[in-house]
Amino acid sequence: MFIWKPLLYRCLSIVALLAAHTSAQAQDLEPRLWSHIPTGASFIGAGFGYSDGETFVDPALRIENVEYQLSFGSLSYIHSFGLWGKTARLTLSVPYAMGRWQGLLDGELRSVRRRGFMDPKIRFSVNLYGAPALKMPEFRQYRADKTSHTTVGAGVSVLVPLGEYSAERLINLGKNRWTVRPQIGLLHERGKMSYEVTGSVFLHSSNKDFFADSKTLQDPLLYAQTHIVRTFRPGLWASFSAGYAIAGENNVNGEPKGDSHRDFWWGLSLGLPLTPQQGIKLALFRSKTNVSTGSTTNTVIVGWSYMWGR
């Protein structure tokens, strides 16, 4: 991306900043992660979205007005089951994206386009407290009797390095590294309101096949998110979400890049029922960096899901 040899190593740190665009999917503001669902239920879903934003770069790099536009879609599958008498779920998501990045290098406009699969995600979670494993008839009765309910859950998600990647390119849709994200969450439901808090840490393996025979490693990234959800009737709900990410400095060939995150995220989501088995979700997210280098992003997502096996 607008790079030639004399400026190569001075511009390597921009990659860590541009990576924040795809981390919009990693640092997803996702409400209802710990919601109690009946065991034996399966879901398939498709989502489509658009994201754009601006990256603020160290002026010493002589790069200005770095912007991106990313269109993406994903297919996902969720299955719930009982584990030690508690509700557990397994999720698989496979995203595909088309993106364009552009900016000024020494006043000259440069741009690049990418198209391909991003890294797929596998997530496993279990509700350790509350949310007993119940089939649909018992589940309905349990939920009808419990007007106030508290759940504590734990989970782990893994980004598998199978996305589009080439060491000959500075900008890629895949990361060529594993990312493991342990999570712990608390959900309290009272009547039609629910309040949810999730804390997680992103742990990254190194990328030993980075551009120009370089090696990169990102420090752990801490991320917390909270959600307030109002359910109006089954399938119809609205939520406000907020999140904050800190740390996660990148190192290139052992040299720290001084790009630690302090990013604030917020979002609005709306769930709409189509049939008892189908629903759609609309979401708007925005992020803003609180340091001199970082990114601001805007994302709109439309999703569809279908449930069976009740």
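Visitor: Hi! How many helices and strands does the protein have?

Guide: Hello! The protein has 2 helices and 17 strands. Both are DSSP runs numbered from the N terminus, with helices being H or I over at least four residues and strands being E over at least two. This is a predicted model, where local features need pLDDT of at least 70, side-chain atom pairs count only at pLDDT 80 or more, and totals for chains, interfaces and linings use all residues. Residues are numbered from 1 along each chain as its sequence is written, and side-chain values use heavy atoms, leaving out hydrogens and water.

Visitor: What does the protein average in pLDDT?

Guide: The average is 84, and 85% of the residues score at least 70. The term pLDDT is the predictor's confidence in each residue, from 0 to 100.

Visitor: And where does pLDDT stay under 50?

Guide: One such stretch is residues 1–10, which have 33 contacts beyond four places in sequence in the model. Over residues 15–26 the pLDDT is also below 50, and that stretch has 35 contacts beyond near neighbours in sequence. Contact means heavy atoms within 4.5 Å.

Visitor: Got it. What share of contacts join residues at least 24 apart?

Guide: That share is 66%, counted among contacts between residues at least 6 apart in sequence.

Visitor: New topic: what percentage of the residues is buried?

Guide: Buried residues make up 48% of the 310 residues. Buried means under 20% relative accessible area, exposed means over 50%, and partly exposed is in between (1.4 Å probe, protein chains only).

Visitor: How about Ser93, buried or exposed?

Guide: Ser93 counts as buried because its relative accessible area is 17%. You can find Ser93 in strand 3, residues 86–105. Leaving aside residues up to four places away in sequence, Ser93 touches Leu75, Ser76, Pro120 and Lys121.

Visitor: Which residues form the nonpolar patch on the surface?

Guide: Among them are Tyr77, Leu90, Phe117 and Trp304, and the whole patch has about 1000 Å² of accessible area. Strand 3 and strand 17 (294–308) are the elements that give two or more residues to the patch, and strand 3 gives the most, with 5 residues. Patches are made of residues with over 30% relative accessible area and no salt bridge, joining like charges within 9 Å and nonpolar side chains (Val, Leu, Ile, Met, Phe, Trp, Tyr) within 5 Å. A salt bridge is a side-chain nitrogen of Lys or Arg within 4 Å of a carboxyl oxygen of Asp or Glu. Accessible areas come from the Shrake-Rupley method with a 1.4 Å probe, and for residues only the protein chains shown count as cover.

Visitor: Where is Tyr77 found?

Guide: Tyr77 is in strand 2, residues 63–83. Its relative accessible area is 34%, so Tyr77 is partly exposed.

Visitor: Which residue is the bridge partner of Thr216?

Guide: That partner is Val252 in strand 13.

Visitor: Last one: what is the phi of Asn253?

Guide: Phi of Asn253 is near 55°, a positive value in a residue other than glycine. Most residues other than glycine have a negative phi. Asn253 sits in the loop between strand 13 and strand 14.

Key: Pairing = 2+ DSSP bridges.
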